[in-house]
Structure formats: C-alpha cells, structure tokens
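Subject: Structure for your review

Dear colleague,

Please find the structure below.

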Amino acid sequence: MQKNILVTVVFLFITLFSCSDKKNSTNQTSNSKVEQKVDSVLALMTLQEKIGQMNQYNGSWDVTGPASNVSDQEKLEKLKNGEVGSMLNVLSVKATREAQKLVMDNSRLKIPLIIGYDVIHGYKTIFPVPLGESASWDLDIIKKSAAIAASEASAAGVNWTFAPMIDVSRDARWGRIMEGSGEDPFLTAKIGVARIQGFQGDDLAKNYTIAACAKHFAGYGFAEAGRDYNIANIGEYELQNAILPPFKAAAEAGVATFMNSFNEIDGIPATGHKILQRDILKEDWNWDGFMVSDWGSIGEMIAHGYAKDLSHAAEIAANAGSDMDMESYAYEAHLEELVNNGKVDINHIDDAVKRILRVKFKLGLFDDPYKYCNEEREKNEIFTEENQAFSREVAKKSIVLLKNDGNILPLNKNIKNIAVIGPLADDKDTPIGNWRAKGGRNTAVSLLEGIKNAVPSSTNIIHEKGCDIVTNKAIGRTFLLPLEFNTTDKSGIPAAVKAAKNAEAVILAIGEMALQTGEGRSQTNIGFLGVQQELLEAVYKVNKNIVIVLMNGRPMDVSWAAEKVPSILECWQLGSQSGNAIADVLFGDYNPSGKLPVSFPHNVGQEPLYYNQKNTGRPYNATHVTFSAYRDAPKTALFPFGYGLSYTTFEYKNLKLDKNEIPVNGKIIVSVDISNIGNMDGEEVVQLYIRDLVGSLTRPIRELKGFEKIFLKTGETKNITFTINQESLQFYTVNKKWEVEPGNFEVWVGGDSNASLKSTFKVIE
Ligand code: NOJ
C-alpha cells in the first residue's frame, strides 16, 4: 500500500514537471525544474535504492572487458529490485526493452535504466577510426558523423555512448591512440567538443540524441612506454597544460558523463583520485554530470596496491567521486555498510545519485522509459544509404597524402593496367577497425572493390594478395593477435611480383589489421608485421611506380617506403565506405586534404614523439655531440604533426599582425593570404602556432592555437584571420593558476607544424 502511494507520488511529480517543461523555453528554468524532479525522487529513495543507481552491469550481448562470474539470473533479480542504475552492452530494441521492462514492471520506484555502449566511430554505419577522422580537421563533418552514430544507436535502444575518447597521446606504441585525436590538446579539445555536440545535439531529450562520455579521466594516453594500463608519471603542470584542457572543454560543452581511467597518476589510481574527480572536475569546473568508472577499475585498485580489498576500493572510489561502478561489483557489495559505519559520507552517495538521475531526466527517460525502443526506427534508420554516403564523405576527407613524387597521383581512370597488391587490398574487415560497435565483420567496401567501381571495364585490374599479415585468420572480437601468429609465409610474393611487372601502376595495400590497435593492443614494433616489408621490396624491384595505401590505427614506421616509394596515401581504417573513398582520392575525384593529427617517427625508438615538445637546455650544438638528439636517427618526425599534401599547391604570404604589443588581456588579429597556385581546386588546413619564449615554467617550442579548413579554387586567394587572445596565451603557471605571462612570443602560420612564415609580438604588464 505504502509502496503504491510512493510510486504515485513520484509519477505525479514527474508528470507535473514534464508538462510544465514543454511550455518552458529558458534553459535555466528547465534546469531548475530538473533539479526539483531530481530532489523529489531522491527524497523517496532508500539507501539500497540509491546504491542501486550507482551500479552498472554488463549485459553480455557484447563483452568489452574481463567477464565476471555473476550469473544472468542474479542480474535479473537485481534489476527487478531496482538495484541497477545502468547496463552496458545490451543491444537491440528487443533486449533493451526487456531490460527496461524488468525495472519498470517490478522495482519500487521504477527509475529507468540508462543503457550504455561503446559507439566510438559509428553504430552500424562505420566512420573512420577516431584518429583517422581527426585527420580531416573538419569539425562540421566530425560533428555530423557523431550525430549519425547517435541517431543509429538511439534507434536501437542505446542512449549513452562511451565516447569521445579525448586522451592526448604521444606514443604510437599505445594501441588506443587510434581512439583519440592524437598528440595535441588544442586539436583534441576542438574535436572532442564537436563529437559531444554531435552525439548530444542541442537537446538530450530528443529521440535521436544520446548522452556522451568524455574519457578517460585522466592521463591514460600517457601510459609509460605506451604499454596499456601502465602508470602515468605526470607532474601537476603537465597534467594541467597537456592533458586536462580537452576535458575542461568537454565539461564546458555540457558533456553528460565522464569516465575515469585505469592508470595511476604519480602513485594514485585515477579511479581513486579525489583531486581530479571531486576538486578539479566537480568543484573547480562546476560540472554537474556523473562519473562512471572504467570497466572494473574500482576493483583494480587492489592490484594497483592502493586498496586492501574490494570494500576498501569501494570506499576510496566513492569518496573520490566515482559515481557509478562499471563491473567491479564493489558498490553493491560494500557501500551500504561503508555508509552505515561512517566510512563514506551519505552526502557523497546523494551527490552521485543526483548526478545520475539528472542525466536520466535530461534524456527524457522518466517521461518515457521506452523512448529509445522503437522497432520501426531500428528497422529503417540504421545503415541507410544516406548514412553510407556520408561515411564516404568523411572517409575521403580523412585521407592524408604523405608523399607524391612526380605527381604519380592522381591516376588516370583510363589506365590500361593496374596491379592491386597486398594483404589489405581486398580486405573487407580491416577498414571497419576496432571498437566497431555493430559494424559487421567484412562489411567494408574493400580497396579492390572501390577501384573496380571507379575505373571503366576496359581497365585490366590484376589482384594479388602477396601475403597475409598473420597466419591465424580468426579475426573475431576476442582475437588477441599474439606475435607468434605473424606469418613468415612468402609463397605468394612471386605471383605479386609477376602482377606488378607489367602494370602501369601498382597499388600496394599494407599496414595493420583491424584489431592490431585498440584496447590492450600495445606494440613495440610499429613497422610492417609479417612479411609485408619483403613483399614491398620485392615489388619495388620490378616496378617503381608504386602507390602505398597504408591502413593503420597508429603512426607506423614507414621510413624505408618514405625514402624509396614515390607515393604514400595514409588511409587509416576508414570505415564502411573505405574502398570507394580511397578510389575517390586515387583517381582525383577528390583532392586529398587530410593533415596528420600525430607525428610519424623515423623509427619506434623516437617514441613518445610530439611536435609540441620542450626545447631542453641543449637543443642543438654544432660543435659538440652532447646535445639533446639521437646519434642514429633524427629527433624530428619523418612526417610532422599537421602535415599532409594536396594535388595542388598552396602558397602562404603576407603574414600580418594588427599590433605587435598587447596587454595580458589584449588580442591580436593575425592575417595571412593563402593562394591556390596549382592546377586543381582543393582544401587546405591553415594552422597557427605560437611560442611563449620565456615562462615561469618552460613552454613548448610550438603550440597549435588556431586552424581553419578552407576551400580554394585554382588561382584563388583568400585572406584568413585568427585572433590571439588571453585564451590562446594563458597556461597553468607556477602560481597554479591559468595566466598570461608578459614577455615575447613568436607566431607562425602555415600548412603544418613546421610552418616557416613567422612574426613576433610582445605581451606587456
Ligand atoms: C574499457 C575501456 O577502457 C572503456 O573505454 C570502455 O568504454 C569500457 N571498457 C566499456 O566497454
């Protein structure tokens, strides 16, 4: 009886406020309505129900972490009791409806589940892996691709994605580098915000938007030696200046959730890091969403040697501000006791639950818990032709032309004879990449198919694989690619050589297989696995007219190829329309415009490598060997950050600053003329870099502070302006504040991080 009255009260509250919401237009008012609703629900909850909201289970439709031994039956019972606030990996409308129904039909307060999934670069229509897509430097298409991913996911019952990953990463060995936007905090922040806006739209309550998740907070991309889950020894200033800016931008953009990270930072696991989660994120940045732990990361504090048992881990995590427990089963087992014996303050629990309820209200789940469970939408709005067409757009804009000696590209479509060679040439799986959500195996348009679609039937296409990358072809989701699977089988190489011999041009598709990058996929070798290098060299012996189509999720060591082979096209893992998009570029239907979001080294020994490095006390010494360099390799990149060629040529001129001296809160307008002096229309990413010459802390030798992607017709000139202001000049100083320090600055504008067009200015007190 009492139960029924309570339920009626909750729904009265919700309905009343929902109705008035619709008439209400100002954000502030609707926010305060949400707060009232949250408080009204919280007031009705028992401690056990509160802890239930902080509990997230995996749904076992897809297992994206170490599986637990908790049975499905146990999970069902907990769902019915209202002891689960969220599930991840519950896929399809049918399954999400079933899970939601268990809660709605049985639990006392009927608080709907929020359903999470790793929708990282598309749901079923797959876009380029995030590192690849970032190479487009095109915020509009990135936003739209996230919006399409959200709309497909929301049509299948999902209302929360664990994306974007905004971990700045400077180490090609780290397998998860493919999931982010590379080495630069400014670019990562801009792309992260575009993705958040795409996923969440302007209103979370709309049916086709979903909650985003900024991850992994923080320092995960700085895993020592690029080994996944490893420690990150980051000082406070580096953390603030190089790692946190994208997260702050995400919080300001209103991202609904954050996920913490597996690593420790200077001895403290991120999941138990109070300064990061409570003090910086929730206090200083005043962010009101909720923090989900990473998979099992609460329990992993035991292995870290930071918690003595699961109860202690729960205590540390809850006190540090981890609001939801993903798959550690720590909160459900221990929080009640920890609150009762005073080890965890009930206010921390209330705060966590309010944050979770807030997101659920904003998603509209209380108005209609089944709003994402629409069979019609699931049938009609996923993997549509329109979405495929957009995937091709994004893919072609993500391709980076690394080398094009003698303008071997674009190829003439009327080419008589073309050899398409390599283990990835007809691979329909690799372009789908890792973290592929519902992107099916072998569903991409292969390069060979794309080429066939592009050329007339009169063109003679000879295809030879040449070799495999690994012997084991079981490229399932759990395939771990141990190195002993590397193939040593060279038997296919002679046929490839024969095919290459008489061809007018050779397209050689080599690189990494889909699951070579991603979680747990760290490597110390970033060259070509298997016998790919042998294949390349054998083909090169008989035909120098080679275009390498590189498919990969991390920067690779391509130094031999870069020296010998005339043309290299960086094609990442481009998603569902990969082959068509690559063909668009190969045959000149699209002029490549991508720029590297990450430095490509001469060899793995240079890692971590990044353009925005510090000068050191011994940057160069022409007269003695004792300066900061390698004796056996350059210290700079083979292909630097921001780099990418075009089929046309852009000329930069007339760099002007409207003033050369400003106060700390002043601004400078930088202007530059860019002309297309080549023979083809094209796009260019105009980049602005600065250097703060002397600081209270040492400053990077260059920092990206602005970019714009522009289109120029042949012969056209455009004047582009950038504003340098407080935001561009400030950094987290020795005073532990974001400040602009007076002094001298240098500024460059150009087409990559080696831009040479330069000016200077001064900031005065
Ligand atoms: C672990 C990964 O680190 C995280 O990024 C992902 O969202 C979760 N597993 C859920 O799959």
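The axes of helices α7 and α16 (residues 385–398) come within 10 Å and cross at roughly 145°. Axes here are lines fitted to C-alpha atoms, for helices over the stretch in contact, with angles running from 0 to 180 degrees between N-to-C directions. Helices (H or I, at least four residues) and strands (E, at least two) are DSSP runs, numbered from the N terminus. The crossing of α7 and α16 is left-handed (the near helix is turned anticlockwise from the far one by less than a right angle). On the α7 side I141, K144, S145, I148 and E152 take part, and they meet N387, F390, V394 and K397 of α16; contact means heavy atoms within 4.5 Å. These residues divide into 4 nonpolar, 2 polar and 3 charged. In that division Ala, Val, Leu, Ile, Met, Phe, Trp, Tyr, Cys and Pro count as nonpolar, Asp, Glu, Lys and Arg as charged, and the others, Gly among them, as polar.

Before the rest, the terms of the model. It is a predicted model in which local features need pLDDT of at least 70 and side-chain atom pairs count only at pLDDT 80 or more, while totals for chains, interfaces and linings use all residues. Residues are numbered from 1 along each chain as its sequence is written, and side-chain values use heavy atoms, with hydrogens and water left out.

S151 also belongs to α7, which covers residues 139–154. With a relative accessible area of 18%, S151 is buried (buried means under 20% relative accessible area, exposed over 50%, partly exposed in between; 1.4 Å probe, protein chains only). Not counting residues up to four places away in sequence, S151 touches Y208 and R377.

Helix α12 (residues 310–320) contains E315. Of the 11 residues of α12, 9 are buried, so this helix is largely enclosed by the rest of the structure. Its buried residues pack against α10 (274–284), α11 (300–303), α13 (331–340) and α14 (346–363). E315 is buried yet has no salt bridge, the nearest side chain of opposite charge being K343, 4.6 Å away. Lys and Arg count as positive and Asp and Glu as negative; His and the chain ends are not counted. Leaving aside neighbours within four places in sequence, E315 is in contact with L338, K343 and V344. G321 follows α12 and has a positive phi, near 105°.

Helix α21 (residues 578–586) is mostly covered, with 9 of its 9 residues buried. They pack against α16, α17 (447–454), β14 (505–511), β15 (546–551) and β16 (567–570). Just after α21, G588 takes a positive phi of about 80°.

The structure holds 45 salt bridges (a side-chain nitrogen of Lys or Arg within 4 Å of a carboxyl oxygen of Asp or Glu). Among them are these:

- R170 and E238 meet at 3.4 Å, N to O. R170 lies in the loop between β4 (160–161) and α8 (185–200) and E238 in helix α9 (residues 236–252), so the pair ties together parts that are 68 residues apart in sequence. R170 is buried at 7% relative accessibility, and E238 is partly exposed at 27%.
- K94 and E98 meet at 3.3 Å, N to O. Both lie in helix α5 (residues 93–106), 4 residues apart, about one turn of the helix. K94 is exposed at 59%.
- D405 and K403 have their closest N and O atoms 3.6 Å apart.

Salt bridges that share partners also join D118, R176, E179, K215 and E519 into one network.

Regards
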